[in-house]
Amino acid sequence: MTAHDPTGTARTYSRYLCVEELLDLQRPTSDGPRGPEHDEMLFIVIHQVYELWFKQMLHELDFVGGRMVEGDTPRVRHTLSRVLRILKVCVAQLDILETMTPLEFLSFRERLESASGFQSFQFREFEFVLGGKRPGVVDNFAPGSQGFERLSRRLHEPTLWDSFLAYLAGRGAAIPDELLHRDPSVPAPESEAVQKALVAVYRTDPDAASVCELMVDLDEGVQEWRYRHVKMVERTLGSKRGTGGSSGVGYLQSTLFRHAFPDLWTIRAQL
């Protein structure tokens, strides 16, 4: 039987995936002697694909947070593994972007005007979900905009770390009650009590320990993406100021090597 959409029209591959609408979203704005600069299309496509992957990772992390609270270890491991695969794809996409030389990027860079990856509200949501809560980030988006509304909501929602602590507590780990019922709008503090509980988990609960390692993998994967992104920008722009008012490479370098889940790294010397 052929599937139909609500209008009664047969559902085709193109209609199901909205391919025509999707392919109409790449709109170069540069105006060279022969039309739009050749490499602007690559720049647009890669960044639109990033936004789609950010959307999928947020979808997966929201799901895995719920499964953690429910104590569903198999689904937690499966979903975290999927997010890690997506992060690998995100890193690999930088190899493609680096085929664009500095001169090729400069041929259309001025057309970006104030546009900057700094304004990706989905990536800011991703940071919030991983625990990087900074209320000031919300103020970078106009009140009433989608970015403002979504980040305002995320600011007050539990992070992945909160769900992870609830998961461990549900398996009998000695997680302090004040951390299980904390204000999620601020970053979770490092905790010696949590670190002690984590060491016990590694020694007595192999299933939960495997989830701990996937959390470390996730933290490391985000750091890998940040590092490769910094080097790509440095290679393309050098010390030039970034679009959107950022300091460019300087700002990006300041984000490197920040652990999302520091307690899981601190205990390495105790295992």
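Where does Cys18 lie? This predicted model places Cys18 in the loop between helix H1 (13–16) and helix H2 (19–23).

**Close-up 1. Cys18 in the loop between H1 and H2.** Most residues other than glycine have a negative phi. Cys18 is not a glycine, yet its phi is positive, at about 55°. Its relative accessibility is 38%. Cys18 therefore counts as partly exposed, since that class runs between the buried limit of 20% and the exposed limit of 50%.

**Close-up 2. Helix H3 packed with helix H4.** Two packed helices are described by the angle between their axes and the distance between the axes. Here H3 spans residues 40–70 and H4 spans residues 73–97. The angle is about 165°, and the axes are 9 Å apart. H3 is therefore roughly antiparallel to H4, because angles over 145 degrees count as such. The contact of H3 with H4 has 21 nonpolar residues, four polar and four charged. The crossing of H3 past H4 is left-handed.

**Close-up 3. His47 in helix H3.** UniProt lists His47 under "binding site", in an unreviewed entry. Is His47 buried or partly exposed? With a relative accessible area of 30%, His47 is partly exposed.

**Close-up 4. His229 in helix H12.** H12 covers residues 206–237, and His229 lies within this helix. UniProt gives the feature "binding site" at His229, again from an unreviewed entry.

Notes: Residues are numbered from 1 along each chain as its sequence is written. This is a predicted model: local features need pLDDT of at least 70, side-chain atom pairs count only at pLDDT 80 or more; totals for chains, interfaces and linings use all residues. Side-chain values use heavy atoms; hydrogens and water are left out. UniProt positions are given in the numbering used here, feature names are shortened, and annotations may be inferred rather than shown by experiment. Helices (H or I, at least four residues) and strands (E, at least two) are DSSP runs, numbered from the N terminus. Axes are lines fitted to C-alpha atoms, for helices over the stretch in contact, and angles run from 0 to 180 degrees between N-to-C directions. Angles under 35 degrees count as roughly parallel, over 145 as roughly antiparallel, 65 to 115 as roughly perpendicular and the rest as oblique. A crossing is left-handed if the near helix is turned anticlockwise from the far one by less than a right angle, and right-handed if clockwise. Ala, Val, Leu, Ile, Met, Phe, Trp, Tyr, Cys and Pro count as nonpolar, Asp, Glu, Lys and Arg as charged, and the others, Gly among them, as polar. Buried means under 20% relative accessible area, exposed over 50%, partly exposed in between (1.4 Å probe, protein chains only).
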